[in-house]
Amino acid sequence: MTTTTLPKAHSSIVEATELPRIIKVTDNLYAAAFSLMKLLPARYILDRAEAAGLISPGTRIIETSSGTFALGLAMVCRLRGYPLTIVGDSAIDRDLRTRLEMLGTTVEIVEHTGQAGGIQGARLARVAELRRQYPDAFVPGQYDNPDNPGAYGVVADLIGDTVGAVDCLVGPVGSGGSTGGLAAALRQTGPALHLVGVDTRGSIIFGSPDGPRMLRGLGSSIHPGNVKHAAYDEVHWVTAPEAFHATHELYRAHGLFMGPTSGASFQVASWWAAQNPDSTVVMVLPDEGYRYQSTVYNDSWLREQGIAPAPAVDGPVTVEHPLDAPAAWSRLLWARRGFDDVVLPVVGS
């Protein structure tokens, strides 16, 4: 008699989708491809808050996000009975707002009116106002909560079990959770791991001047506490036309239909892997491309924005200081230095 063991059913859509698929893309380049990466820290942060007795069903959750962390929270809060208020900005497109509201989320949109910290500063100021209005509410605080990077230990275990030793990790930097958390966990067994952060012009995270960012989902107009600058060996700044081209190429060449932050990660990781063919490289791909079908994958929208996706055929320009970077793909050997150690020496020179 043959005994058949049935596969285990997932307890929820969160459990089924929070971990990435590990995919070999080239001989030495692997992708950690998430359907919705921010679902993992959203679930983990709420788990930790429940365990600490900080929240229980009915507790209002308030957070600032204009992207996938909002959607991750909305999914978890809907399943667990937490009313959720998301404070975002115009980067919350119509389709994302519809998905959030269908999950019962209250969405507030704020405008930048000159506050310090740009639009993210304005969003955080509104969160503070709401916290005063609802003193019993819980704010996950993705930018500063150590449970954000702490969530990625399970992903590091998955990478280790699947790929083995990793020489280089490449990923986009926004809150600092994924790259910082993964690097910290992977360095427990491989301290020499080379960490490459991917940013964009207009983001101040690594010392570039604040400004508008067409490439969203990475970068910031504030300094998140979860970005530990001394963890990074190398930083790249990529532009929207380059990253959008790489997003398309990731799909055309490898069948990976991902969002533009994934394209930015692929742009840098594929170059780094080609330059270091004897190294095992893992790139973080944060979310799939379905949210971007009417934008990044739409020729009419690209023309309206004045963007012509184009490859950076010569690779990055290496610079000595963030202010030296041109308006094209550029690279700085950060060398695990603190922010002030890299940025401040130019002052007074």
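**Close-up views of a predicted model**

**View 1. Asn145 is a buried residue, with a relative accessible area of 15%.** Buried here denotes under 20% relative accessible area, exposed over 50%, and partly exposed in between, with a 1.4 Å probe and protein chains only. The structure is a predicted model, in which local features need pLDDT of at least 70, side-chain atom pairs count only at pLDDT 80 or more, and totals for chains, interfaces and linings use all residues. Residues are numbered from 1 along each chain as its sequence is written, and side-chain values use heavy atoms, with hydrogens and water left out. Asn145 belongs to the loop between α5 (118–133) and α6 (147–150); helices (H or I, at least four residues) and strands (E, at least two) are DSSP runs, numbered from the N terminus. Apart from neighbours within four places in sequence, Asn145 is in contact with Ile45, Pro140 and Asn226, where contact means heavy atoms within 4.5 Å. The side chain of Asn145 also reaches the backbone nitrogen of Asp147 at 2.8 Å. A polar contact is a pair of N or O atoms within 3.5 Å; within protein, one must be able to donate a hydrogen and the other to accept it, and residues adjacent in sequence count only if both atoms are side-chain atoms.

**View 2. Helix α2 comprises residues 39–51.** Its 13 residues should span 18 Å at 1.5 Å a residue, and the end C-alpha atoms are 18 Å apart, which agrees; the expected span is 1.5 Å times one less than the number of residues. Buried residues of α2 include Leu39, Leu40, Ile45 and Leu46. Among the elements covering the buried residues of α2 are α1 (13–17), β3 (61–64), α3 (68–80), α6 and α7 (153–162). After α2 comes Gly53, with a positive phi near 75°.

**View 3. Strands β1 and β2 form a hairpin with 4 residues between them.** β1 (residues 21–24) and β2 (residues 29–33) pair in the antiparallel sense over 4 bridges; two strands pair if DSSP finds at least two bridges between them. Lys24 has Tyr30, in β2, as its bridge partner.

**View 4. Ala335 lies in the loop between β11 (330–332) and α12 (339–343).** Ala335 is not a glycine, yet has a positive phi of about 60°. Arg336 lies in the loop between β11 and α12 and, although not a glycine, has a positive phi of about 55°. Most residues other than glycine have a negative phi. Ala335 is partly exposed, with a relative accessible area of 48%, and Arg336 counts as partly exposed at 32% relative accessibility.
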